[in-house]
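Please look through the structure shown below, and then follow the paragraphs that come after it.

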Amino acid sequence: MINHLLEKPFAFSKSDKEEILLNIQKELLVHHAQHCSEYANFIRPFNLNKIESLDDIPFLPVQIFKKLALKSITDQDVFRVLSSSGTTGQTPSRVFLDRDSAALQSSALVAIVTDFIGKSRLPMLIIDSPDVVKSGQFSARTAAILGFSYFGRGQTYALNSNMDLNINAIETFLEKYQGQKILLFGFTFIIWQYLLKAAIEKDCRFDMSQAYIIHGGGWKKLQNLHIKKEEFKKALQQHFGIRHVIDYYGMVEQIGSVFMECEQGYLHTPAFADVIIRDPQSFAIQKNKTVGLIQTISALPRSYPGHSLLTEDLGQIMGQDNCPCGRAGKYFAVIGRIKAAEVRGCSDTIRS
Amino acid sequence: MEVLLPETILPLEDKLKCLTQQKLLPPFAEVSIHFINAFSRSILQDSSLFESFPELVALGHWFRLGHIKKLQEDFYNINSSNVQVPRGIVLHFAPGNVDTIFIYSWFVSLLLGNINIIRLSQHRNAVVELLLERLAQLFEEKEFKLIKDSTLVLSYAHDEDITKMLSSYCHARVIWGGDQTIQQIRRIPLPPRAIELTFADRFSFCVLKAEALLALTPNGLAQLAEQLVNDSFWFDQRACSSPRAIIWCGNEIDIQKAKDLFWPLVSCCIKTKFQHLNTEPALVMRRYTNCVEMLMKFNADSTEPLYPACPTRLHFDQFNSSLRECHEGLGLFIELESTELIQAVKWLNGKDQTLTYFGFTKEELHTFVTHLPSGSIDRIVPIGEALNFSVIWDGYDLFKMLTRTIEVKSYA
């Protein structure tokens, strides 16, 4: 079933996709209830017979993976543990994958990305330090870089261990692949701070006009610096000649959910995932164009109950099946993370 | 390390030596009363504080002159020839995050004539900054020089050496904080005759007799709802004394009727007074996540799917002790049921501090107290009074603990 959806991730319109995804979700509900006792406790109050659409699928809050180690597989079958970069003082999220899930995750990523940058493997410049894949913990950044590395060849790191521009490496890379389509990948803030700004400071003019740059990790840091998306794209074009800037939204807590930005500037749901917007106070479903909490649904999470999650990101659905870029499915925009709460009360003095 | 109050150019060790040479004032000395009264007035006369710093206003109110006079009366009401004198230097550790509760023990200590050293965390919020500002202003007045010279407020990141040095000078050490903090500070030695008071993580309950609730008029019921809301949400249900679990007493039918009448009124009251618990997305998500966590870990007996609105209620047939550590406040109530009040004692332990109640007679409460498990419950007060501070707190009588008793015996 999933393989069918993976073959042509953006060819499934609402009528084609919904029933398939709903059936997979219902099956996953039962599967996780059977294999994960904590999830069984969670799902108990829900009447599974009353589920008629994707809107009715119960959702877990995304932070639950920081509180509990949820898995629907035995410890022996754990092949990889993904973890998010936790904020200071917090335990990171943990996501448990078996071999099949890890393979499926890769397939899903391939299916999506090739639709945006083509099927051939492009020479790849990673905007990060080589240390990011060496660290013991498999963080979100590590996962993203390793995942996207599949699409490239001749992987070269643009930064040194201390995050300085490795000008030599960059120039060698650009010279070697001059005139060819190339792929740049990195986290949004790192590209801004350690590539763009650093290059401007050092007055390096790199010709990257043949590049597709895929970037993720959110806009929070840039928002704090009052830098808008348009400015980011414009700067990349002005200084490096880059015309194809592709944002993506995803989270470590839900494998398969990589939403990439189309030529029109919208994030697209692939056939095996979907997005619902809910009111932050009542969790009621919101209409198109209304801002609310983003809930993401994925057909992939089988080894852990991550198939339906309510995130702490605000966004809005722009439309379905009618995006001018030609891709079927819902398309949406992410506004940003909800404001952090200032929590009161006695707590450990030691932590300060 | 930063000295916040008073302004001084002396290095810490010298300042501490000065403190040891400072003469102690008698308990409830005129200047001490004047000082606290001046502070109280500066708070109560500032109407701008009522909305943004209600906890400071509550503090100002508790330390108003009328109440200080009553405390003084209570203190000297002991028919004895013994003499109470201050302990000496009292070292206070304020809790990490917010809470103004440590100010109560600090000011009581001040009234009792002690010299006070207060260690604040480096993350201070607006309330504490305002407090320091007001105190600094008072310290500028000549009349309060004695108080200024008997006070030291400082802030430093967790540093055992500084804590060691400060502790070596003190006669009493007061620690407000989580269990971990207390363990770590306790390891640092005290002088042989110094005492220590610890205010650790606590949990609190509210018990309601269904029958009594059903006998209330609609007005009475609304008032009861407001009392619960006041007890619970001033500090987002994070204060140790705020109830996080409700125990309903009575038969099944009465309890269900009572719940159906009561909870909508509570929701309504929250919307009026503490609506941020519903409108701040981050608080809603934290509460919802905590609720899901409890449901998953402890298998609550939930008959309906979870919802985000405040208050969220989780029903349990039995109270698992570990629920205490899991609960994060923020508008979530654990609901339990018991036919008789006396049966609820099996759920209580040493972590439980406050029990607020409604609908029980004095006799019922006294019987209940005699059956309490060892170490549990420090105060049983009517609903609505959970957050009222008292000189007797967490089992300590602060009047006795922060003074020394000199036995004076005359000839027989």
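Predicted model: local features only at pLDDT ≥ 70, side-chain atom pairs only at ≥ 80, totals over all residues.

Most peptide bonds are trans, and most residues other than glycine have a negative phi.

With that background, the backbone of chain A can be followed through several loops. His226(A), a residue other than glycine, has a positive phi near 60°; it lies in the loop between helix 9 (220-224) and helix 10 (229-240) of chain A, and with a relative accessible area of 69% it is exposed. Asp321(A) is not a glycine either, yet its phi is positive, at about 70°. This residue, Asp321(A), belongs to the loop between strand 13 (308-320) and strand 14 (330-337) of chain A, and its relative accessible area of 30% makes it partly exposed.

A positive phi, near 55°, is also found at Asp203(A), which follows helix 8 of chain A. Helix 8 itself, made up of residues 188-201, has 14 residues and reaches 18 Å from its first C-alpha to its last, close to the 20 Å expected at 1.5 Å a residue. Among the buried residues of helix 8 of chain A are Ile190(A), Ile191(A), Trp192(A), Leu195(A) and Leu196(A), and Thr188(A), Ala198(A) and Ala199(A) are buried too.

How values were computed:
Residues numbered from 1 in each chain as written. Chains lettered and ligands numbered in written order. Heavy atoms only, no water. Helix = DSSP H or I, 4+ residues; strand = E, 2+ residues; numbered from the N terminus. Expected span 1.5 Å × (residues − 1). Buried < 20%, exposed > 50% of the residue type's maximum accessible area, 1.4 Å probe, protein only.
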